[in-house]
Amino acid sequence: FFLSVFSAALSESKTKKLHHTVRDMSEELFSIGTLLVGTLGSAVLLNVLIKKYSQNSFERDAVGSTFGSTISGGVSLLNNKDSVLTKEGVNDSIDNYESLFTGARKQVGSTSENNSIEMRQKEYKTMVSSFYDLVTDFYEWGWGQSFHFAPRVKGETFIESIKRAEYFLALRAGITDKSKVLDVGCGVGGPMRNIQQFTGADITGVTINDYQVRVANQYCAQRGISDKCRVMQGDFQKLNEKFDENVYDAAYAIEATCHSPDRIECFKGIHRALKKGGVFVGYEWVVLPERGYDAKNSDHVRVKEGIEVGNGLPTLATAAEITEALEKSGFKVAEAFDANRGVHSPNEIPWYDTLCGSFTIAGFRMTRVGRMCTHAMVTMLEMARIAPRGSVKVSALLNATALDLVEAGQKELFTPSFFFMAVKE
């Protein structure tokens with residue numbers, strides 16, 4: 001196990017573009033070694049513990065942590081009774097997914113070519129659903145039930161910042177206990193449940209991914225709010241097939257429509273579902289040419305493409321392209337700004353800090369070393385034929401993308417929190 005983590009550390013050091021001094025690397029490896037000394041004895045008992053934490057003992061927990069225990073959590077990644085992928089299907093799924101990003105991280109610019117983008121736009125349904133079949137468990141394991149970033153002020157915990165970002169949308173959209181609301185691209189419904197319990201609203205979520213539908217509705221039932229929250233399987237490019245016109249008072253999308261191959265078509269469907277005067281709010285992933293992103297800079301393109309391949313995106317847009325798409329779909333844009341515009345203010349904690357941040361019991365899995373430990377554990381479980389073949393590839397994909405997100409945030413090339421508020425007149 002130690003050798004696996006040590007290997008992961010060396011591999012990441014080669015991949016990462018940030019330069020460390022010899023002293024820094026020595027201290028880092030010493031810290032890793034110290035951290036893992038206590039795990040060696042536990043590793044010897046792995047086969048015994050696996051029997052205890054089998055699929056049969058796996059239970060979801062809407063309030064606590066479904067993947068709380070390191071052993072049971074690791075065994076259950078991509079391998080639990082709710083999974084839509086067979087154990088044999090994980091490797092094929094990740095291989096098919098990666099084929100849509102041929103050349104990624106090997107030849108800069110290859111996935112930004114028109115034919116590459118057009119292929120992902122054409123195959124977006126397969127791409128996005130396959131992506132979330134693979135990463136949903138990893139996201140919940142390392143991040144929680146709300147799959148998004150958030151602006152964070154000093155003195156605020158990670159979870160507090162996540163909920164504040166969600167409540168901000170609810171307030172800007174004017175959501176109350178009388179509101180009927182549409183959550184576009186709802187994931188496993190973390191934001192939906194938080195907003196429902198904050199406002200009392202009736203909320204319907206839609207996700208393209210069947211696995212997320214299963215998980216989200218279980219969590220709603222466990223919270224006792226199934227009468228107020230439900231999730232449907234559907235394509236947000238074809239909302240007219242699922243929803244009638246003029247039904248909803250408000251809609252929101254949290255870092256979801258970045259997956260769309262045609263935002264105008266997506267936004268038109270939301271516009272149609274809203275009542276007159278209805279409000280659509282959201283956070284969108286965008287690159288920031290106004291702050292330095294340069295499409296002719298190969299380093300910037302490398303980071304952009306890394307974010308795209310690691311998050312199932314056809315291509316990243318700019319803020320101007322988002323507001324233009326909203327207007328062309330019939331909305332009046334009332335407000336739009338980067339919620340992370342003060343990302344490097346002395347009063348804020350950068351949105352990406354959790355991916356490279358401090359060592360805490362609650363947040364260790366999100367840190368770089370925590371991700372290396374998870375990757376080593378997944379490697380060991382796959383080698384022991386406990387985790388499905390292909391699990392290591394998924395873990396490696398997400399680890400590499402975390403580095404791209406951190407670099408993009410540090411250089412202010414990208415934000416995951418471009419806020420918009422649009423009204424159906």
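This is a predicted model: local features need pLDDT of at least 70, side-chain atom pairs count only at pLDDT 80 or more; totals for chains, interfaces and linings use all residues.
The largest nonpolar core has 51 residues, and strand β10 (residues 414–423) is largely enclosed by the rest of the structure, because 9 of its 10 residues are buried.

**Nonpolar cores**
- Leaving aside residues up to four places away in sequence, Ile307 touches Trp285, Leu313, Leu316, Thr401, Asp404, Leu405, Ala408 and Phe414.
- Another core, of 33 residues, lies apart from the largest one, and its members include Ala62, Ala104, Leu381 and Ala387.

**Strand β10 and its partners**
- On one pairing, β10 goes with strand β6 (residues 274–287), antiparallel, over 8 bridges.
- Val281 sits opposite Met421 of β10.
- Strand β8 (residues 332–338) also runs antiparallel to β10, and 6 bridges join the two.
- Asp338 has Phe418 in β10 as its bridge partner.

**Positive phi without glycine**
- Arg105 isn't a glycine, yet its phi is positive, at about 65°.
- You'll find Arg105 in the loop between α6 (89–99) and α7 (114–122), where it is partly exposed, with a relative accessible area of 41%.
- Asn246 isn't a glycine either, and its phi is positive at about 55°.
- The loop between β4 (229–233) and β5 (248–254) holds Asn246, and this residue is partly exposed, with a relative accessible area of 42%.

Notes:
Residues are numbered from 1 along each chain as its sequence is written. Side-chain values use heavy atoms; hydrogens and water are left out. A nonpolar core is a set of buried Ala, Val, Leu, Ile, Met, Phe, Trp, Tyr and Cys residues joined through side-chain atoms within 4.5 Å. Buried means under 20% relative accessible area, exposed over 50%, partly exposed in between (1.4 Å probe, protein chains only). Contact means heavy atoms within 4.5 Å. Helices (H or I, at least four residues) and strands (E, at least two) are DSSP runs, numbered from the N terminus. Two strands pair if DSSP finds at least two bridges between them.
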